[in-house]
Amino acid sequence: MYLRPTLAALPLLASPLLASGPHAGVEALNRRFAEAMVKADATALLDCYTEDGQLIFFKGQTFKGRTELKGFLAGFFTPNKVKSMTIASREWKALGAGYLLDQGTYEMVSVGADGKEEKGAGRYLQILRRGKD
């Protein structure tokens, strides 16, 4: 599994490392996260987090541990509907001792409580730590 503390809108997640290598594991993890966002499946998102998972969200909001993450995710989809989301890893770098740095971009189209569609895009940085598969 990889644990994933992140900056800029992506969470600390856990995912099995695929046999084909860490890059495939990161891509699979990103797809899993994006699919759960589009489905507004807070439970599936929470299931991605480890017990000590962390999310550093926009403007520095930080959520630590499953209890805080559950509270945040429960309220996230009430005013928001994510219509589409793509996450693209652009660069990976092994940091040694089971750590991997992943940098990439994301694009998201959402609809707020006012019914207006909003397009957003940004960059992310995540440090993944190898855990038990």
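Reply: Helices (H or I, at least four residues) and strands (E, at least two) are DSSP runs, numbered from the N terminus. By that count the chain has 3 helices and 7 strands. Their order from the N terminus is β-β-α-α-β-β-α-β-β-β.

The model is predicted, so local features need pLDDT of at least 70, side-chain atom pairs count only at pLDDT 80 or more, and totals for chains, interfaces and linings use all residues. Numbering starts from 1 along each chain as its sequence is written, and side-chain values use heavy atoms, leaving out hydrogens and water.

Now the patch. Leu-95, Tyr-99 and Ile-127 form it, with about 250 Å² of accessible area together. Nonpolar side chains (Val, Leu, Ile, Met, Phe, Trp, Tyr) are joined within 5 Å. Areas come from the Shrake-Rupley method with a 1.4 Å probe; for residues, only the protein chains shown count as cover.

Leu-95 sits in strand S5. Leu-95 counts as partly exposed because its relative accessibility is 45%. Buried means under 20%, exposed over 50%, partly exposed in between (1.4 Å probe, protein chains only).

For context, 40% of the 133 residues count as buried. The accessible surface of the chain is about 7,400 Å², with 55% belonging to carbon and sulfur atoms.

How values were computed:
Patches are made of residues with over 30% relative accessible area and no salt bridge: like charges are joined within 9 Å, nonpolar side chains (Val, Leu, Ile, Met, Phe, Trp, Tyr) within 5 Å. A salt bridge is a side-chain nitrogen of Lys or Arg within 4 Å of a carboxyl oxygen of Asp or Glu.
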